[in-house]
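Welcome! Please take a moment with the sequence and the 3D view below, and then we can walk through the fold together.

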Amino acid sequence: MIHTPVLLNEVLEYLKIVPSGRYIDATMNGGGHSLAIAEKIQPDGFVVGIEWDSDLFKETESSFKNNSLRKNLILVNDSYVNLKSIAKKHDFEPDGILFDLGLSSWHYEVSGRGFTFKKEEPLDMRFNTSNGVPVNEIVNLYSIPEIEQILRDYGEEQFAQSISESIGINRKKKPIMTTNDLVSVISVAVPNWYKNRKIHFATKTFQALRIVANNELGNVTEGVLAAIDILKPGGRLVVISFQGHEDKIVREIFKEQVKAGRITQPKKGTVRPKWPEQQVNPRSRSAKMKVAEKV
Ligand SMILES: C[S@@+](CC[C@H](N)C(=O)[O-])C[C@H]1O[C@@H](n2cnc3c(N)ncnc32)[C@H](O)[C@@H]1O
């Protein structure tokens with residue numbers, strides 16, 4: 001399944017794309033947003049596309065090989081936390097920066113790294129396997145109170161205590177190494193009614209562990225602050241988040257930076273996908289976009 005870029009028209013509108021401008025797509029994935037921006041900056045603008053996942057990066061890079069927009073793209077396999085050094089290396093003072101946070105459909109469907117409880121895969125969940133802590137290490141080596149706290153803080157999992165206890169009991173019998181291992185351990189720790197709800201009973205545990213494996217919230221904080229630093233005066237920052245923790249971080253950073261007189265918010269509050277987009281792309285339903293302009 002190809003990852004459909006969310007809020008595409010809104011991203012182009014709020015980035016206020018100027019012909020021949022310079023933009024950074026901090027979370028390129030397959031390049032849906034990057035290519036749409038590249039079309040608008042002809043003939044001689046540039047988009048720096050950053051993707052942390054090396055396997056995904058290679059696929060995207062080779063998919064662009066014969067694309068006529070390739071000449072306008074600078075592709076970087078790195079984390080957006082390094083935005084400053086990336087911009088410096090390419091002598092780039094951007095007119096706009098986009099973050100489309102979280103993970104891609106590619107991670108669920110192709111990566112083979114255990115992002116989904118719907119498939120039996122090794123339990124890793126790192127975007128970049130040279131960084132972070134694989135989930136099998138978290139569940140097998142972290143203390144039970146630590147795991148409980150992770151499930152509470154990043155998953156808002158109401159059964160954090162019983163799930164973490166179940167992890168503690170079961171990992172003594174056999175290390176928890178695959179997605180199915182983890183789902184079984186969660187399954188015995190939660191009541192039946194919890195298993196019959198629309199949202200799968202393992203969703204929150206998987207989300208919480210993925211956030212920690214990749215230090216996702218720390219990355220968002222660092223990345224967004226770096227973006228504000230490197231933007232050209234008048235340049236735009238657009239951030240799309242899919243979960244409450246990230247949205248809260250962005251909201252708070254924007255609030256502080258407005259107070260400090262470093263940014264304004266040309267669009268107050270949150271932009272949500274319109275109903276027709278939500279119908280054709282269910283993933284977009286949880287998207288929340290925020291916009292800032294550098295002073
Ligand atoms: C929601 S997807 C972006 C989708 C993209 N806008 C599109 O239209 O196809 C988020 C992407 O960000 C990447 N990512 C996650 N953390 C990152 C980081 N710290 N630095 C750079 N990329 C990151 C993920 O690997 C994933 O491919």
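## A glutamate and its contacts

Beyond its neighbours within four places in sequence, Glu148 is in contact with Ala160, Gln161 and Ser164. Glu148 itself is part of helix H7, which covers residues 144-155. Is this residue buried or exposed? Glu148 counts as buried because its relative accessibility is 19%, and the cut-off for buried is under 20%. Please keep in mind that this is a predicted model.

## The chain as a whole

Stepping back, the chain contains 14 helices and seven strands. Its C-alpha trace spans about 60 × 45 × 40 Å along the principal axes. How does the radius of gyration agree with that of a compact globule? For 295 residues, a compact globule would have a radius near 19 Å, and the chain has 20 Å, so the two agree.

Of the 295 residues, 54% are buried. Looking at contacts between residues at least 6 apart in sequence, 70% join residues that are at least 24 apart. The accessible surface comes to about 13700 Å², and carbon and sulfur atoms account for 52% of that surface. As for charge, there are 40 positive and 36 negative side chains, with the centres of the two sets 4 Å apart.

## An open sheet of seven strands

Now for the strands. Together, seven of them form an open sheet with mixed pairing, and the order to follow is E3-E2-E1-E4-E5-E7-E6. At the edges are E3 and E6 (263-264), each of which pairs on one side only. Strands of a sheet pair through backbone hydrogen bonds, in either a parallel or an antiparallel way.

You can trace several of these pairings one by one. E1 and E2 run parallel to each other over four bridges, and here Tyr23 has Val47 in E2 as its bridge partner. E1 also pairs with E4 in the parallel sense, over three bridges, where Asp25 stands opposite Leu98 in E4.

How many residues of E4 are buried? Five of the five are, so E4 is largely enclosed by the rest of the structure. In a regular strand the side chains alternate between the two faces of the sheet. Both faces of E4 are covered, with Gly96, Leu98 and Asp100 buried on one side and Ile97 and Phe99 buried on the other.

E4 pairs with E5 (residues 236-241) in the parallel sense over five bridges. Across this pairing, Phe99 stands opposite Val239, and Leu98 has Val238 as its bridge partner. E5 is mostly covered too, with six of its six residues buried. On one side of E5 are Arg236, Val238 and Ile240, and on the other are Leu237, Val239 and Ser241, all of them buried.

With E7 (residues 288-294), E5 pairs in the antiparallel sense over six bridges. Val238 takes part here as well, with Val291 in E7 as its bridge partner.

## A helix packed against the strands

Finally, look at helix H2, which runs over residues 32-40. Its buried residues are His33, Ser34, Ala36, Ile37 and Ala38.

Note on methods
Residues numbered from 1 in each chain as written. Predicted model: local features only at pLDDT ≥ 70, side-chain atom pairs only at ≥ 80, totals over all residues. Heavy atoms only, no water. Buried < 20%, exposed > 50% of the residue type's maximum accessible area, 1.4 Å probe, protein only. Helix = DSSP H or I, 4+ residues; strand = E, 2+ residues; numbered from the N terminus. Rg over C-alpha atoms; globule rule 2.2 N^0.38 Å. Contact = heavy atoms within 4.5 Å. Areas by Shrake-Rupley, 256 points an atom, 1.4 Å probe, with all protein chains shown as cover. Lys, Arg positive; Asp, Glu negative; His and termini not counted. Charge placed at Lys NZ, Arg CZ, Asp CG, Glu CD. Pairing = 2+ DSSP bridges.
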